Amino acid sequence: MQTETHFALAPATTLPRIWIGLWQLSSNAWGSAPAQKVRDAMADYVAKGYVAFADHYGPAEDLFGQFIKHLPEGGRPFGATKWSVFEPMRVTFEAVQAAVEKSCMRMQTDRIDLLQFFWKDYQDRSYVDALQYLLQLRSSGRIRNLGLCNFDTRRTDEVCTVFGPGCIVSNQVAFSIIDIRPLHGMDDICQRHNIKVLAYGTLCGGLLTDRWLGQPEPELYSGGLNPSQRKYLDVILKAWGTWELFQTLLRALRDIADRHQNVSIANVAVRWVLEHPFVGAVIIGARLGLSDHAEENNRVFSFALSDWDKAEIEAVLRQSNSAKMIMTIGDCGAEYRDH
């Protein structure tokens, strides 16, 4: 059952619809905080109801493991990680098991709550064998739930068809007001196979926020941008539209936020994604120990977008190239693969 604030990832797994993303731990480019301060920030988020954390970059798994080590079994947050295969490999059960055991060790757990699988080279269909072995590890109790990461529509459909209902629970892909590629087939596949999208990039690295309203176009490689902002600014300027049109979108989102009172541009952007029924949750990156947007994020559930709101957003999107990004960039995850 899906409610305003929670959704069912699997029959026995109900989770919040906002997850905390840990990719900003991968580099000092986002800023850095001492490990203890990061763990304290995790505790603060859990106390405020944010009990799902995602990603494996940098020391994320280690810090999550250190955080949960002293927590009682029933009070531990949900931890999602990834196994990403970028280079050719010989897929054996032992190799797959070793990857899972490494994450279990780093996260200090006997069972991974959600393992999300990424495979770069679709020409090498060994990803089917890898998934078969991952499902064996799920059966043996090392993995609680198995999901995909940045799989396109065709392969998501293939995998769910091959392995059957209940084997795959999710696919983590980019989805935002800017990047609407999941609306070109992934939405239908998710509903057909009863899986959920876990959406990242929802705030375009923080560009879809009040901070950027009325600001001049930034230099792509200026010191004022973090890696995520550079990535999404590149998408906005080269694939979506212009900075001027982006400012038009931000003004529209600000007008919508004003109509609902005490909400932000970020709230509206997240709400727009969450109101799509195939989306289970959004993963919002957090600079743990450096900033805290927990209270602001909670306001996402204080309002609903009206037909007028949605029409105002759509009017701006019609002026953009958003509908063409499925062809110019490719399907979900294509940006991480060789064309």
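Student: Where is Gln261 found?

Tutor: Gln261 sits in the loop between H8 and helix H9 (265-274). Helices (H or I, at least four residues) and strands (E, at least two) are DSSP runs, numbered from the N terminus. This is a predicted model, in which local features need pLDDT of at least 70, side-chain atom pairs count only at pLDDT 80 or more, and totals for chains, interfaces and linings use all residues. Residues are numbered from 1 along each chain as its sequence is written, and side-chain values use heavy atoms, with hydrogens and water left out.

Student: Is Gln261 buried or exposed?

Tutor: Gln261 is exposed, because its relative accessible area is 62%. Buried means under 20% relative accessible area, exposed over 50%, and partly exposed in between (1.4 Å probe, protein chains only).

Student: What is its phi?

Tutor: Phi of Gln261 is near 65°, a positive value in a residue other than glycine. Most residues other than glycine have a negative phi.

Student: And what about Asn194, what is the phi there?

Tutor: Asn194 has a phi near 60°, again positive in a residue that is not glycine. Asn194 lies in the loop between H6 and strand S9 (196-200). With 68% relative accessibility, Asn194 counts as exposed.

Student: Which residue with positive phi follows H4?

Tutor: Gly141, with a phi near 100°.

Student: Stay on H4. Why does its length agree with what a helix should span?

Tutor: Helix H4 (residues 126-139) has 14 residues, so at 1.5 Å a residue it should span 20 Å, and its end C-alpha atoms are 20 Å apart. The expected span is 1.5 Å times one less than the number of residues.

Student: Which residues of H4 are buried?

Tutor: Ser126, Tyr127, Val128, Ala130, Leu131, Leu134, Leu135 and Leu137.

Student: What do they pack against?

Tutor: The buried residues of H4 pack against strands S5 (78-85), S6 (112-119) and S7 (143-149), and against helices H3 (93-107) and H5 (153-163). Contact means heavy atoms within 4.5 Å.

Student: H5 also meets H6. How do the axes of H5 and H6 cross?

Tutor: The axes of H5 and helix H6 (residues 186-193) come within 9 Å and cross at roughly 10°. That makes H5 roughly parallel to H6. Axes are lines fitted to C-alpha atoms, for helices over the stretch in contact, and angles run from 0 to 180 degrees between N-to-C directions. Angles under 35 degrees count as roughly parallel, over 145 as roughly antiparallel, 65 to 115 as roughly perpendicular and the rest as oblique.

Student: Which residues meet there?

Tutor: From H5, Thr153, Thr156, Asp157, Cys160 and Thr161; from H6, Met186, Ile189, Arg192 and His193.

Student: Now H8 and H11. At what angle do they pack?

Tutor: Helix H8 (residues 243-260) and H11 pack at about 175°, with axes 9 Å apart. That makes H8 roughly antiparallel to H11. Among the residues that meet are Leu249, Leu253 and Ile256 in H8, and Trp308, Ile313 and Val316 in H11.

Student: Pick Ile313. Buried or exposed?

Tutor: Ile313, in helix H11 (residues 307-317), counts as buried because its relative accessibility is 0%. Leaving aside neighbours within four places in sequence, Ile313 is in contact with Ile177, Leu253, Ile256 and Trp272. Ile313 and Leu253 are 60 residues apart along the chain, and their C-alpha atoms are separated by 7.4 Å.

Student: What about Leu274, which helix is that in?

Tutor: Leu274 lies in helix H9 and counts as buried at 5% relative accessibility. Not counting residues up to four places away in sequence, Leu274 touches Arg17, Val279, Gly280, Ala281, Val282, Val300 and Phe301. Leu274 and Glu4 are 270 residues apart in sequence and 8.9 Å apart in space, C-alpha to C-alpha.

Student: How many helices and strands does the protein have?

Tutor: The protein has 12 helices and 10 strands. Of its 339 residues, 55% count as buried.

Student: What pLDDT does the protein average?

Tutor: The average is 89, and 90% of the residues score at least 70. pLDDT is the predictor's confidence in each residue, from 0 to 100.

Student: Where is the pLDDT below 50?

Tutor: Over residues 26-31, a stretch that has 13 contacts in the model beyond near neighbours in sequence. Where pLDDT is low, the predicted coordinates should not be read in detail.
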